[in-house]
Each structure stands twice: as C-alpha cells, then as structure tokens.
Amino acid sequence: MSAVKIYVPCDAAALSVGADETAAAIAAEAARRGVQIQLVRNGSRGLLWLEPLVEIEAAGTRVAFGPVQAADVVGLFDAGFLAGKPHALNLGPTAEIPYLKRQERLTFARVGLTDPRSLRDYLAHGGYRGLTAALAMSPADIVASVTASGLRGRGGAAFPAGIKWKTVLGTPAGQKYVVCNADEGDSGTFSDRMLMEGDPFVLIEGMTIAGLATGADQGYIYLRWEYPEAKSALEAAIAAAYTDHYLGERICGSEHRFDLEVRMGAGAYICGEETSLLESLEGKRGQVRFKPPLPAVQGLFGKPTVINNVITFASVPIILDRGADYYQHFGMGRSRGTLPMQLAGNIKYGGLVEIAFGMTLRELMYGFGGGSLSGRPIRAVQVGGPLGAYLPESQFDTPLDYEAFAAIKGMLGHGGIVVFDDSVDMAAQARYAMEFCAIESCGKCTPCRIGSTRGVEVIDRLVAGENAVQQETILRDLCETLTYGSLCALGGLTPYPVISALDHFHGDFVKPVKAPAPA
Ligand SMILES: Cc1cc2nc3c(=O)[nH]c(=O)nc-3n(C[C@H](O)[C@H](O)[C@H](O)COP(=O)(O)O)c2cc1C
Ligand code: SF4
C-alpha cells in the first residue's frame with residue numbers, strides 16, 4: 001500500500017499556533033503504529049482560524065481537518081482519519097469549504113496546494129508556463145501583454161505595471177535592475193508573506209519575466225527582517241531554480257540571463273516606500289528621494305529599475321500563460337484582475353480571500369469574515385493599511401475598486417482590512433495614526449517630521465476639551481498642510497485616517513464634560 005500523503009502547513013501563521021508540533025506528533029504516531037505516511041509541509045490555505053489545518057490526500061481528493069493540535073493526533077489516528085473517517089475536526093473535502101470555494105484564486109492558485117520548496121511540484125501545477133511563453137516573445141510584446149491585462153501595482157499606489165515596465169524598457173542603460181518590494185509594512189496585511197512562504201517560485205518567475213521584458217539581468221527581493229520563514233522559502237526556491245537553469249546564465253537554454261538575491265531590510269515602515277527602499281538596498285539610511293527622476297529612469301545605483309510589490313510580480317506569470325484577456329476579464333472598471341484581501345482585526349473568520357475587484361466591503365466582512373469575533377456590531381473598518389481611512393457602516397457597501405474607494409476618500413492599498421467593533425474609541429485611533437506618522441517619519445520634510453508631533457498634541461488637547469473648536473480647526477488645517485506639503489505618502493496620507501475618524505466618529509472626540517465634584 002502506498003504511503004498516505006498528509007499536508008501540514010509550514011506557513012508562519014500556522015507555525016505560530018503549533019503546526020510544527022502537530023507535524024511532529026503525526027510523524028511519531030504514524031511510526032508508532034507502523035503506518036507509512038508522506039508528510040508534506042505546504043503553504044497555508046489562508047483559513048487562519050482553522051490553523052493548523054491538516055489535509056489527507058486519498059484517491060486524488062484532499063480532506064481537511066482543523067484546527068489540529070498535537071494533542072488531537074492520537075484521537076485522529078484512533079478514529080481512522082487517514083481513511084477520511086468521521087471526526088469532529090473533519091471539515092470535508094478542502095476544495096468544497098465555502099470560504100475557499102467562493103474565491104477566485106489566480107495569484108494564489110497554488111498556495112496551500114503545493115510543496116513550496118519543490119520545483120517539480122511547481123512545474124506539475126502549471127509553473128513556469130508564463131516564462132516559457134515570455135521567452136518566445138519580444139520584450140515589447142511582453143510589456144504590451146502586461147499593459148493590456150490592466151494589472152496595477154498591488155503595493156498601494158495602483159500604478160499600471162505595464163507603463164512602468166515600458167519606461168524601463170525604453171530607457172537605454174548598460175545595467176538595469178528588477179527590485180521586489182517585500183517590505184509589507186501595512187498593518188493587517190500578510191498576503192506577500194503567505195505568497196512567499198507558500199509559492200516562492202511564482203514570485204521568482206514573475207521577476208524573471210520582468211527582467212526579460214525590460215532588459216534587466218539582476219534582481220533583488222527586499223524582504224522585511226521579520227519574515228525569516230519567507231527568507232528560507234525564497235532562498236530554497238532560488239537555489240532550486242539555479243540548479244535547474246530557471247535562474248542564472250542561459251535560462252531554459254535561451255541566451256537570457258537573470259540573477260536573483262534576497263536582501264533583508266532592517267525594520268522601518270518608510271523602507272517600504274520605493275525610493276527609501278532603494279536607498280536602504282544601496283546600504284544607506286532609508287530616506288525618501290525626490291522624484292523625478294523616477295526609479296524607472298534612475299533607480300538602484302542610478303540605473304533604470306522596475307520596482308514592484310510581491311503580488312504584482314506574482315500576478316504576471318498567469319497573464320503570460322493564460323493571456324491578457326483572461327486576466328482582465330476579472331474585476332470592474334479600471335480595477336482589473338483579482339486582489340488578495342486580508343481580513344484581520346476583530347473578525348470571526350480572519351484570513352486571505354482572493355477575489356475579483358467589485359465585491360462590496362460588506363459582503364467580504366460578513367459573507368467571508370462572518371462579522372466581528374466579539375459578536376458585537378462592526379463600527380469601523382480601516383482598509384489599506386495605517387494610512388487608510390476609517391470607514392463607517394454607511395460606507396460598507398462600497399465595492400472593492402480603486403476608484404470607488406478614492407471617491408469616498410479611502411484607499412484599497414495592499415488589500416488589508418482591519419475591523420473594529422463598537423467598543424473602539426476612534427479618537428484614540430486618530431491619535432494612533434498621527435503618532436504612527438511621527439514615529440515612522442524619515443524626517444526629510446517639515447510637515448511630516450514636525451507636523452505629526454504637533455498633531456498628536458493637538459488631538460490630545462481636543463480630546464481633553466481645551467478650546468475644542470479651535471483645536472479642531474488647527475487639526476484640520478495641519479492635515480491640509482500634511483496633504484499638500486509632504487514629500488511622500490506617509491505624511492501625505494496620514495490625514496486620511498485622522499480626518500475620516502473626525503468626520504465619521506466626531507462624538508468620540510467630544511468627551512462629555514464631567515460634573516464638578518460636590519463640595
Ligand atoms: C510610507 C510608504 C510605505 C510603503 N510600503 C510599501 C510596502 O511595504 N510594500 C509595497 O509593496 N509598497 C509599499 N509602498 C508603495 C511603494 O512606494 C511603491 O509604490 C510600490 O513598491 C510599487 O510597486 P507596485 O506598483 O507593484 O505597487 C509604500 C509607500 C509608502 C509611501
Ligand atoms: S512625508 Fe515624512 S516620510 Fe515622507 S519624505 Fe517627508 S518626512 Fe519623510
């Protein structure tokens with residue numbers, strides 16, 4: 001009888017709730033019973049409340065069990081879980097779990113399915129078909145395909161990827177670079193991490209295609225230092241890609257060369273901003289550069305550089321493989337394709353949901369997320385990281401679309417959703433946003449460096465009721481200065497969370513005046 005395949009995720013979220021211990025208990029119990037198993041450490045399926053999610057593969061179908069702690073393992077063997085027998089933790093066929101079944105996974109198609117360190121598994125699941133197609137195309141045709149797909153940058157600013165690539169292609173230089181922004185500093189976001197840990201080859205393939213398209217033969221992945229599991233997954237995948245000639249000289253037997261390295265950041269939110277990132281990659285202090293020149297013209301070491309987010313690059317292989325039309329068929333308006341949304345904060349079913357643009361925020365939070373974890377009404381949601389607006393209930397029907405969010409003075413950003421129930425103090429959240437800017441400011445420009453510190457003081461006075469009307473006027477004025485006078489979006493967008501909290505949750509800033517204590 002062949003060994004039963006058992007999948008236990010090696011994703012950091014699963015590890016944090018005991019996946020390694022579960023895997024070790026399964027291996028030990030199988031050995032004790034003399035049962036042959038093949039243990040595969042896969043990426044996470046993104047159903048984070050069910051981690052560690054263990055899967056058994058039988059007759060080509062994967063059956064899920066979760067959450068499985070080490071202490072559950074003996075009972076699972078006793079119940080005959082290897083044969084898919086009934087057990088309280090049996091969730092049925094993984095692909096039929098509604099949270100997964102209702103998604104449209106293009107970028108995350110393989111995450112959770114494959115062994116992230118196995119190039120053979122990657123190839124068996126359609127890997128490197130995009131690169132094969134790209135190798136038969138001219139650089140201009142690759143760029144045209146990415147442009148036609150409508151793919152926009154997934155790191156936050158939603159700039160069309162094809163236009164950026166076209167600029168790099170059209171800028172003559174002896175050396176060009178491809179840089180992946182894997183700093184993932186936004187609160188409540190983890191899609192880059194999950195992708196790098198669960199399917200690192202797709203990022204490598206996307207970056208290689210970017211190199212072919214623009215004439216760059218050196219790539220760097222700038223990875224936040226808080227992601228050690230992603231680092232080891234990427235390094236293992238890069239080594240395997242070199243061994244099988246998907247990286248290095250003469251990729252896939254062609255005349256093209258592409259080299260790739262991982263570089264670790266040192267832990268600063270501003271190093272996610274592309275020009276600070278380039279400074280940091282050059283070994284300098286991460287501080288924002290003036291633009292122009294754009295990185296596409298003068299980027300890393302002054303050379304033309306494609307810099308994109310992890311998810312942007314990872315979305316490219318499927319575009320080259322299935323065609324621009326296939327990809328751009330998903331989505332709405334100018335937001336084409338899919339976005340991996342990340343549900344976090346006070347939410348019952350937190351996790352990763354990749355869906356086409358167009359679903360409403362409400363459908364996502366209730367249809368997938370199941371409402372708040374506390375069971376209390378959801379009062380506010382911050383979408384798009386620490387610089388995103390706080391949205392009230394009246395805006396929950398906004399479709400997940402870049403333009404629809406811009407119209408309500410919000411942003412989709414990197415797809416992070418942080419949910420708050422009705423116990424939240426929105427004045428404290430506004431103060432937190434301003435303080436975040438003060439702490440993370442790179443210090444290059446005055447409105448952000450000094451304005452954010454003054455902003456915290458003004459919010460404190462406003463909440464304390466000291467000349468509240470005057471303080472609110474000063475706060476709004478200061479936010480206007482930050483919006484128009486900041487060099488980068490850290491200072492420029494901090495007013496989003498502050499002003500949205502003030503506009504939609506004004507009562508939280510005006511605390512009832514306490515009656516004087518009786519004499
Ligand atoms: C303060 C700040 C932090 C940022 N952090 C990130 C980040 O962690 N990851 C990211 O991909 N983009 C981040 N960005 C956006 C980048 O500057 C840039 O737009 C992005 O890397 C371009 O890639 P894309 O077009 O694929 O999104 C940040 C921007 C700002 C202003
Ligand atoms: S806005 Fe803030 S982070 Fe951005 S350049 Fe100015 S000081 Fe630096």
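Colleague: At roughly what angle do the axes of helix 9 and helix 10 cross?

Modeller: Two packed helices are described by the angle between their axes and the distance between the axes. Here, the axes of helix 9 (residues 191-198) and helix 10 (residues 200-214) cross at roughly 100° and come within 5 Å. That makes helix 9 roughly perpendicular to helix 10 (65 to 115 degrees counts as roughly perpendicular). Axes are lines fitted to C-alpha atoms over the stretch in contact, with angles from 0 to 180 degrees between N-to-C directions; helices are DSSP runs of H or I, at least four residues, numbered from the N terminus.

This is a predicted model, where local features need pLDDT of at least 70, side-chain atom pairs need 80 or more, and totals for chains, interfaces and linings use all residues. Residues are numbered from 1 along each chain as written, chains are lettered from A and ligands numbered from 1 in the order written, and side-chain values use heavy atoms, leaving out hydrogens and water.

Colleague: Which residues of helix 9 and helix 10 meet?

Modeller: Contact means heavy atoms within 4.5 Å. From helix 9 come L195, M196, E197 and G198, which meet P200, V202 and L203 of helix 10. Five of the residues in this contact are nonpolar, one is polar and one is charged.

Colleague: Are C445 and C448 buried or exposed?

Modeller: Buried means under 20% relative accessible area, exposed over 50%, partly exposed in between (1.4 Å probe, protein chains only). C445 counts as buried at 18%, and C448 does too, at 6%.

Technical notes. Helices (H or I, at least four residues) and strands (E, at least two) are DSSP runs, numbered from the N terminus. Angles under 35 degrees count as roughly parallel, over 145 as roughly antiparallel, 65 to 115 as roughly perpendicular and the rest as oblique. Ala, Val, Leu, Ile, Met, Phe, Trp, Tyr, Cys and Pro count as nonpolar, Asp, Glu, Lys and Arg as charged, and the others, Gly among them, as polar.
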